[in-house]
Amino acid sequence: MSRRYNMHTKGDVNVGLQQPLNESESEPDRTPKKSKLDLSSNDGDDKRNGLDQFVAYPTHKVNRLLEPGPVLLVATGSLANKTHNIMTMGFHMMIQHEGPTLVGACIGPWDKSYDNLKRTGECVLAIPAVEMLEKTIDIGNCSGEDVNKWVAFGINPVPAPDPASADGSWDRKGGDGGRARAPLVGGKDVIANIQCTVEDRALVARYNLWVLKVTGAWINKDMDLEYGQGSRDPADDDDRVGGGKRRKREMKMAHHRGDGRFVVDGKEVDMRDRMVKWKEFQD
């Protein structure tokens, strides 16, 4: 799919999400009139919307989260100095499994996040569940230059943890001591947060393609890892990293088709026994 950019329209989005889910002839005001930022709770009823909503996930398994190609939310800037921004992104890809884990992301100068990423060299890739799809689109339909999207859409910015302190899990392969200061995206409907630093800028000037190194990953602790994003053996119930006991919630991803229509995760077909060439990536 080719990417088109309207020089007269500025917004933090790169997936062509110019229309809301329910298209109408007149452009509605999608920004809530009343919103309140609360770092400890997003809806008043769920107090687990900070870092305690997530558990550490091995960085060498991040491809299981990103290879399906979900629409992402990207957090940049610094929460400490209030330069943090959030945008919607659909152009990304896995580049390398480990040593280090590398991800490619297209973020251009028309996005406010571009300046943040250029300045800090850090970002967080968050995967929203389908329950957040309308909000994810609305985040992409406006610019951080005009609105504080964290406040306007009730998104909790969670102070970034140090990956090296996650219960010693980063002694396993795939982790390192790097740290991204960009905040995590909090909330019960966020599947995962992937902390990144810029590894290579060689393709930015020509293609707006950033090569990102994954320094840490955090997955929603309520998620059933046997649905889509895991291949855990039942004997691994004591594994606290990227697993633990089976989660009951099937958190589905949304995948943009490029024209405002989306495909939502459906029935999984397990072909692990047939993937004989790639057994090393199946635990």
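User: What makes Arg181 and Glu122 a salt bridge?

Analyst: The closest N and O atoms of Arg181 and Glu122 are 3.8 Å apart. A salt bridge needs a side-chain nitrogen of Lys or Arg within 4 Å of a carboxyl oxygen of Asp or Glu, so the pair qualifies. Do keep in mind that this is a predicted model, where local features need pLDDT of at least 70, side-chain atom pairs count only at pLDDT 80 or more, and totals for chains, interfaces and linings use all residues. Residues are numbered from 1 along each chain as its sequence is written, and side-chain values use heavy atoms, with hydrogens and water left out.

User: Why is that pair said to tie together separate parts of the sequence?

Analyst: Arg181 sits in the loop between strand E7 (156-158) and strand E8 (184-186), while Glu122 belongs to strand E6 (residues 122-128), so the linked parts are 59 residues apart in sequence. Strands here are DSSP runs of at least two residues, helices (H or I) are runs of at least four, and both are numbered from the N terminus.

User: Is Glu122 buried or exposed, and how do you know?

Analyst: Glu122 has 9% relative accessibility, so it counts as buried. The classes are buried under 20% relative accessible area, exposed over 50%, and partly exposed in between (1.4 Å probe, protein chains only).

User: What makes Asp189 part of a network?

Analyst: Asp189 meets Lys188 in a salt bridge at 3.4 Å, N to O, and its side chain also meets that of Arg249 at 2.5 Å. Salt bridges that share partners join Glu131, Lys188, Asp189 and Arg249 into one network. Asp189 is buried at 13%, whereas Lys188 at 32% is partly exposed, and so is Arg249 at 23%. The structure holds 5 salt bridges.

User: How many aromatic pairs are there, and why does the pair of Tyr114 and Trp210 get its name?

Analyst: The count is 1 aromatic pair. The ring centres of Tyr114 and Trp210 are 5.6 Å apart and their planes meet at 75°, so the pair is edge-to-face. The rule asks for centres of Phe, Tyr or Trp rings (for Trp, the six-membered ring) within 6.5 Å; planes under 30 degrees apart count as stacked, over 60 as edge-to-face and the rest as tilted. Tyr114 lies in helix H2 (residues 112-120) and Trp210 in strand E10, 96 residues apart. Both Tyr114 and Trp210 are buried.

User: Why is Val269 called exposed?

Analyst: Val269 reaches 62% relative accessibility, so it falls in the exposed class. Val269 is found in the segment after strand E12 (262-264).
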